[in-house]
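The structure is shown first.

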Amino acid sequence: MASVEIRNARKTYGDLEVIHGVTVPISDGEFVALVGPSGCGKSTLLRMIAGLEDITGGEIRIGDRVVNGLPPKDRDIAMVFQTYALYPHKTVAENMGFALKLRNTPKPEIEERVKRAAEILDLIPYLNRYPRQLSGGQRQRVAMGRAIVRAPQVFLFDEPLSNLDAKLRVQMRAEIKELHQRLKTTTVYVTHDQVEAMTMADKIVVLHDGVIEQMGSPLDLYDKPANLFVAGFIGSPAMNMFKGVIRAGAKPHFETAEGICLPLASAPAESDGRAAVYGIRPEHLSIGGDLAFPVTVVEPTGAETQVVARLGNEKIVGVFRERATVKPGEMFPMSPTLSSVHLFDAESGQRLT
């Protein structure tokens, strides 16, 4: 195992710069998720760590080695791709042990390491099957097993669950997290799914247009998003956000552009009249209070009820554990948990404290 350090990494394609001086420290044994929308640079950054993309500037270290000029085979990493990339004419055991065979590893050692990885991943009954005889989840486990048998210093995952159905994604999410807890191998995991990142990672790096918007633990990003981009990206359903101004005074509140007053526990210093954005997560709204909104959609999911209503010309979404017996067109009272309200500067988008 080893730490990974990305220092001021840059990547350009001709005149186009896609990674703008990114720095990410990754501790030995840490599980780090790179998240962001399509085109943010997360897969490019992962491929730079793997050596599949040249680094234009900066430095990448694995352990105590600078690996900028090393080919992928000499970096002691193993990568699991979005596509399983299994050899269709080889059995599960042959697929898992193929990289060791290329290294001229003795056959008994290959068999032992394949068996050990298969036990970890519950693949023992399938070792003599071919990929066409496996389900999608089983094929993904074989791809993970192929990485495990190499005993690398670092695992790299590039959106490995995107080809699976919803149920399998949840199952595989738990399996990858359990695998990391057992092996304690440094892991860098790329995904556009913030739920995957929140549930699996020790640290999340949110990327946008090739720069880091925020880096920290999942709950740090959830509880204290640094800016509007992170606030809107982390959390599902997305945070409710309303533009307006802060009104400080004896009873501080936020006034939307349409004159609707939303409560505040307190106002930031010298913020009276300041243009801002008021944010409240759907799960931090409760039923009741002085504010009522006309309902447009009710979505019962069993464990929760999602209510979509109108706040002036804006949409406000609430998620409630209790059953909300309300119909579209009716007025529905919802009140924010004041300690969970977020304020952001309207111009810069940065969090106000």
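## Basis

The model is predicted: local features need pLDDT of at least 70, side-chain atom pairs count only at pLDDT 80 or more, and totals for chains, interfaces and linings use all residues. Residues are numbered from 1 along each chain as its sequence is written, and side-chain values use heavy atoms, without hydrogens and water.

## Largest pocket

A pocket here is an open set of points on a 1 Å grid over the protein atoms alone, where a 1.4 Å probe fits, with protein on both sides within 12 Å along at least five of seven lines; lining residues have an atom within 4 Å of a point. The largest pocket is lined by 18 residues, and M79, F81, A99, R146 and R150 lie nearest its centre. Two or more lining residues come from each of β6 (77-80), α2 (92-102) and α4 (136-148), where helices are DSSP runs of H or I with at least four residues and strands are runs of E with at least two. The most come from α2, which gives four.

## Helix α1

Seven of the nine residues of α1 (residues 42-50) are buried, so this helix is largely enclosed by the rest of the structure. Buried means under 20% relative accessible area (1.4 Å probe, protein chains only). K42 and T44 are among the buried residues. Just after α1, G51 has a positive phi of about 90°.

## Nonpolar cores

A nonpolar core joins buried Ala, Val, Leu, Ile, Met, Phe, Trp, Tyr and Cys residues through side-chain atoms within 4.5 Å. The largest has 45 residues, and M96, M144 and I176 have the most contacts inside it. Apart from it lies another core of 28 residues, including I49 and M79.

Methods: Buried < 20%, exposed > 50% of the residue type's maximum accessible area, 1.4 Å probe, protein only.
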